[in-house]
Amino acid sequence: METTVFLLTVNGQIEGANFPDYDNLYCKYCYVYGHDWAPTTGLEEGITQIASKSIQSHRLIWNFPLETTFKSTNPSGWPQLVVSVYGPDVFGNDVVRGYGATHIPFTPGHLFPFLRHTRTIPMFVPEPTWRLQSWLLGRRPEYTDPKVVAQGEGREVTRVRSQGSVTVSFHIMTKDMKKMGYDTGPSTPSTVQSASSGWSTEVESYAK
């Protein structure tokens, strides 16, 4: 039978964050992908626990697992991970502390450990038009849909400010890309492939 789709499996974790000015933060995540893509297993979105800084480290630690499999007929629209970080303001209201996004890796990471990729995602927040009004009302501007961070549409008219970073690690595998005519790269020691399953951890960059 002719293969009509290929699979992309994403495993990893949202490791933590660095927000020097804030504490007691949690992270929401979701995926953005093209029209030809669809999730088959795992979670498309989720939310971490609240993390607090320790005396030994100013870093926030979540170690929240990611596990999702996608299918597609076309590498265009390669999935992106969107993360949004929230925490309390001086009034005790949850407000956004940062938005960010990164593409799911296209190629394998280092051979050890477990072909892992690590990404540090720069975060940003929209700037309020009227700072005093925003402070008095205890509200900060937020995107209605965080997915706009990955899509870019409408962001060109939004003033933003850089603020913090989130670290994410990935381990990816693909299946049946070669059968559909897509070059998954040369055979190297960093390519892990099973002849029986057809799973591979090496992919060329296709996203647009």
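**Strands, a core and an exposed glutamate**

Mentor: Let's start with E45, which sits in strand β4, residues 45-47. Keep in mind that this is a predicted model.

Trainee: Why is E45 called exposed?

Mentor: Its relative accessibility is 55%. The cut-off for exposed is over 50%, so E45 counts as exposed.

Trainee: Which residues does E45 contact, beyond its neighbours within four places in sequence?

Mentor: Y29 and C30. Contact calls for heavy atoms within 4.5 Å. As for V83, 38 residues along the chain from E45, the two C-alpha atoms are 9.7 Å apart.

Trainee: V83, okay. What makes a group of residues a nonpolar core?

Mentor: The residues must be buried, be of kinds such as Val, Leu, Ile or Trp, and be joined through side-chain atoms within 4.5 Å. The largest one here has 30 residues, and I14, W62, L81, V83, I104 and V166 have the most contacts inside it. Two or more residues come from each of β1, β2, β5, β6, β8 and β9.

Trainee: What does V166 touch?

Mentor: Leaving out residues up to four places away in sequence, its partners include I14, W62, V83 and M123. There's also a second, separate core of twelve residues, with Y26, V96, Y143 and A150 among them.

Trainee: And how much of the protein is buried?

Mentor: Of its 208 residues, 43% count as buried, and for that a residue needs under 20% relative accessible area.

Trainee: How many helices and strands are there in total?

Mentor: Two helices and ten strands.

Conventions. Residues numbered from 1 in each chain as written. Predicted model: local features only at pLDDT ≥ 70, side-chain atom pairs only at ≥ 80, totals over all residues. Heavy atoms only, no water. Helix = DSSP H or I, 4+ residues; strand = E, 2+ residues; numbered from the N terminus. Buried < 20%, exposed > 50% of the residue type's maximum accessible area, 1.4 Å probe, protein only.
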